[in-house]
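Work through the exercises below with the sequence and the structure at hand. Each task is followed by a solution in steps.

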Amino acid sequence: MPTVHLLDYVAGNVRSLVNAINKVGYEVEWIKSPDDLKNAEKLILPGVGHFGHCLSQLSEGGYLEPIRQHIDSGKPFMGICVGLQALFSGSEEDPDVSGLGLIPMRMQKFTADTKSVPHIGWNSALKTNSGSEEAQTFYGLSPNSKYYYVHSYAALYKPGILESGGWSVATATYGEEEFVGAIARKNIFATQFHPEKSGQAGLRTIRAFLNGDEFQSLSQTSVAGKNEDGLTRRIIACLDVRTNDAGDLVVTKGDQYDVREKGDLDAGGQVRNLGKPVDMAKKYYEQGADEVTFLNITSFRNCPLIDTPMLEILRRTSETVFVPLTIGGGIKDTVDTDGTNVSALDVATMYFKSGADKVSIGSDAVTAAEQYYEAGETLSGKTAIETISKAYGNQAVVVSVDPKRVYVSRPEDTQHHTIKTGSPNAAGQNFCWYQCTIKGGRESRDLDVRQLVKAVEAMGAGEILLNCIDKDGSNSGFDLELINDVKSAVQIPVIASSGAGIPGHFAEVFEHTTTDAALGAGMFHRGEYTVNEVKEHLKDEGFLVRKFEADI
């Protein structure tokens, strides 16, 4: 197969990018030193996380000048995410660090007045039109496709400025802000979105770049079609994975976190087995899931360093599933079986190298929050959230929250933040607070959900996976009161979880809360509904969703 050179400055999950490049018919050769760039014909620079960290790493490694020389020579160059941002003169994220300076503009942080930051999810990349040229696009971008973005800083678009410098530009809007989603000029192509995580639409752009297919005419059908700009409603499929009694990893689902069969004498209280993780993840991807989450619900009992089957699941899934993958369970400081101390950052790195894009932290986040408040709301810099987000960016860290309701007669009866609920308990109490739990809901802590989410946001978490023990397995819909309470407390995105039983529950949560995404599990695993059926229902209700595109 033909080859492409890839420069990795330790940018998180590059396994998926390699898999995507292989998928479209190319092999990867790694740039291991600045001298290797002399032999590179096609060069890709991926990036996640902090602008300053990326550019500093490239500078200290002696790569910046060879990259400039590669671009100046006319050889093909592609930048992804921070790889696009590197082309600009600088960024507000680190004003003291300069970019390559090919574009005399600076990256700016999204305003968080009416929207969550980071910007996470599927958005557009619509080519700007001068009004005189034939309708066309570049590098396979389609006005009818959506692409996966995850970033806090962007090149805010001002009509005509980039175009006057010879750049072709595709933009997206987030709230009221229009920003650059992709740019191209001569031998340069760069995307703010992650094509390797954008399904078939992203694979199409990678293939077009590698094949040198810069400009393509748009069909009249595409031009005349309804091009809906903006962020779609994310639907996430979640797979709870654990070992069954035979020692095999299976997908399971519990009722209020109890995953063993009940009332079946033949089952003998066995772990509920709903299928094989890799096969089910691929099925949900093909149904149109926007992300897939694996929660290893028993890894807190074991050392994750010996949990090689879970790593293999990630490796195999990332070969065929080109949407973001999240892994949760056991992301903490630990001790290997030989007595070696291993940091949470090292554990996370292991998962990233195996194909994960995000790690989800649960019980350890509660402990870190308790210590944060005990220290007078002072950051230690040593928690799993802080160390991982500093290395890989806050978009790589999800905090999984497992709260349950505690009812009181009056707000004065507790020191914790309460809400007045429309669902009083049997005793008629209509106030409650949400108590945080650890160890799969088996242990309660004297910490409420608002305290937790504010603390982890301060530590650098980029997203909240908001479960609800009271709703888990109920198929009665999401806890809308809980979601609105948490959304009012933080600016980072929130994923609604627990309780979905029918497609209407997804429409309900998007209609009555400002949640950024919604997650389903049991209703998908049991085959009662598909992800596509949920999306079709949302579309019928007037919500913007991403459609699944067939294989390229």
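The exercises below concern a predicted model.

**Exercise 1. The chain as a whole**

Task: State how many helices and strands the chain has, what percentage of its residues is buried, and what share of the contacts with a separation of 6 or more joins residues 24 or more positions apart.

Solution. Step 1: the chain contains 17 helices and 30 strands. Step 2: of its 552 residues, 58% are buried. Step 3: among contacts with a separation of 6 or more, 71% are between residues 24 or more positions apart.

**Exercise 2. Helix α3**

Task: Find the buried residues of helix α3 (residues 64-72) and say how they are placed around the axis.

Solution. Step 1: the buried residues are Leu64, Pro66, Ile67, His70 and Ile71. Step 2: these residues span an arc of only 165° around the axis, so they sit on the same side of α3. An α-helix has 3.6 residues a turn, so residues three or four places apart point the same way. Step 4: the cover over the buried residues of α3 includes β3 (43-45), α2 (51-60), β4 (77-80) and β14 (188-191). Step 5: after α3 comes Gly74, with a positive phi near 90°.

**Exercise 3. Helix α10**

Task: Decide how far helix α10 (residues 344-354) is enclosed by the rest of the structure.

Solution. Step 1: list the buried residues of α10, which are Ala344, Val347, Ala348, Thr349, Met350, Tyr351, Phe352 and Ser354. Step 2: these are 8 of the 11 residues, so α10 is largely enclosed by the rest of the structure. Step 3: just after α10, Gly355 has a positive phi of about 125°.

**Exercise 4. Two loop residues**

Task: Locate Ser124 and Thr418, and list what each of them touches beyond four places in sequence.

Solution. Step 1: Ser124 belongs to the loop between β7 (119-123) and β8 (126-127). Step 2: the relative accessible area of Ser124 is 1%, which means that Ser124 is buried. Step 3: leaving out residues up to four places away in sequence, Ser124 touches Ser145, Lys146, Tyr147, Tyr149, Thr171, Ala172, Glu228, Asp229 and Gly230. Step 4: with one of these, Lys146, there is a polar contact between side chains at 2.7 Å.

Step 1: Thr418 is placed in the loop between β24 (403-408) and β25 (419-420). Step 6: Thr418 has a relative accessible area of 15% and is buried, since the cut-off for buried is under 20%.

**Exercise 5. Cysteines**

Task: How many disulfides does a search of the whole structure find?

Solution. Step 1: the search finds 0 disulfides. Step 2: for Cys54, the nearest cysteine sulfur belongs to Cys81 and is 9.4 Å away, whereas a disulfide requires sulfur atoms within 2.5 Å. Step 3: for Cys432, the nearest cysteine sulfur is that of Cys468, 9.3 Å away. Step 4: Cys54 is buried, at 0% relative accessibility, and Cys432 is also buried at 0%.

**Exercise 6. Aromatic rings**

Task: Describe the aromatic pair of Tyr149 and Phe193 and that of Phe478 and Phe506, and say which parts of the chain each pair links.

Solution. Step 1: the chain has 17 aromatic pairs. Step 2: Tyr149 and Phe193 are edge-to-face, with 5.7 Å centre to centre and 75° between the planes. Step 3: Tyr149 is in strand β10 (residues 147-151) and Phe193 in the loop between β14 and α6 (199-211), so the pair ties together parts 44 residues apart in sequence. Step 4: Tyr149 is buried at 0% relative accessibility, as is Phe193 at 0%.

Step 1: Phe478 and Phe506 are also edge-to-face, with 5.6 Å between centres and 80° between planes. Step 6: Phe478 lies in the loop between β28 (463-466) and α14 (480-487), and Phe506 in helix α15 (residues 503-512), 28 residues apart. Step 7: Phe478 is buried with a relative accessible area of 4%, and Phe506 is buried at 0%.

Step 2: Tyr149 and Phe193 also belong to one aromatic cluster, together with Phe110, Tyr147, Tyr174 and Phe179.

**Exercise 7. Charges over rings**

Task: Which rings do Lys115 and Arg546 lie over?

Solution. Step 1: Lys115 lies over the face of Tyr174, 5.5 Å from the ring centre. Step 2: Arg546 lies over the face of Trp122, 3.9 Å from the ring centre.

Definitions and conventions: Residues numbered from 1 in each chain as written. Predicted model: local features only at pLDDT ≥ 70, side-chain atom pairs only at ≥ 80, totals over all residues. Heavy atoms only, no water. Buried < 20%, exposed > 50% of the residue type's maximum accessible area, 1.4 Å probe, protein only. Helix = DSSP H or I, 4+ residues; strand = E, 2+ residues; numbered from the N terminus. Arc of directions from axis to C-beta. Contact = heavy atoms within 4.5 Å. Polar contact = N/O pair within 3.5 Å; in protein donor to acceptor, adjacent residues only side chain to side chain. Phe/Tyr/Trp six-rings, centres within 6.5 Å; stacked < 30°, edge-to-face > 60°. Lys NZ or Arg CZ within 6 Å of the ring centre and 35° of its normal.
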